[in-house]
Amino acid sequence: MESMKISGKVISGFSAGRTGLAMLILLQAMLLSAACVAGGIYSWKDRDGNVHFGDRPPVEVSSTQLDVKVNTVSAPDNVKNSAREYASDLARRQPDIPPRKKKVVMYSAAWCGVCKRARKYFKQHRVPFREYDIDTSKSGRKAYEKYGVSSVPVIAVGRQHMRGFSPESFERFYARASK
């Protein structure tokens with residue numbers, strides 16, 4: 001067991017493993033106080049070999065003034081500017097996507113190439129949609145048949161629907177259906 005003297009008070013009960021941590025915490029605390037900044041930090045050993053730290057040197061033994069450097073981390077300006085430019089550039093590269101008001105329902109089939117293009121478009125443009133495969137979903141097939149069509153995809157928004165898919169026709173349809 002070791003002891004430490006802090007501002008004239010002896011604190012004992014530190015094991016060798018904890019002493020280093022305690023000294024580090026003590027040093028950090030002392031760095032934050034105004035008295036430490038003004039007078040500095042001193043280190044000395046007592047006659048039993050215990051190491052002490054304080055903001056005033058002891059009169060009875062020789063001490064060493066420590067050269068304490070504040071451990072701060074700061075990014076250089078060029079890194080900060082690069083991060084700002086990256087964030088700004090990232091925002092510029094994001095497509096202007098109007099807020100989506102209504103959910104899209106697509107009735108499709110696994111073998112349908114146009115359905116795959118529509119699905120890809122919805123995902124890329126963050127259009128929330130629900131998809132029903134009319135060949136595997138009984139409820140999807142039943143809802144699909146209500147539209148009286150015989151082709152896929154059928155894309156519905158609210159009570160309106162469109163047959164087929166192209167990005168341009170979908171955007172026009174969605175703008176009208178979302179009003």
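1. Tyr107 is buried, at 7% relative accessibility. Buried means under 20% relative accessible area, exposed over 50%, and partly exposed in between (1.4 Å probe, protein chains only). The model is predicted: local features need pLDDT of at least 70, side-chain atom pairs count only at pLDDT 80 or more, and totals for chains, interfaces and linings use all residues. Residues are numbered from 1 along each chain as its sequence is written, and side-chain values use heavy atoms, leaving out hydrogens and water.

2. Tyr147 is partly exposed, with a relative accessible area of 24%. The whole structure holds 10 aromatic pairs. Rings of Phe, Tyr and Trp (its six-membered ring) pair if their centres lie within 6.5 Å; planes under 30 degrees apart are stacked, over 60 edge-to-face, the rest tilted. Tyr107 and Tyr147 have ring centres 5.8 Å apart and planes at 55 degrees, so this pair is tilted.

3. The largest nonpolar core has 15 residues. Such a core is a set of buried Ala, Val, Leu, Ile, Met, Phe, Trp, Tyr and Cys residues joined through side-chain atoms within 4.5 Å. Val104, Phe122, Ile155, Phe165, Phe170 and Phe173 touch the most other members. A separate core of 10 residues includes Tyr107, Val152, Val154 and Ala156.

4. Val104 is worth a look on its own. Beyond its neighbours within four places in sequence, Val104 is in contact (heavy atoms within 4.5 Å) with residues including Phe122, Phe129, Ile155 and Phe170.

5. One aromatic cluster is formed by Tyr121, Phe122, Phe129, Phe165, Phe170 and Tyr174.
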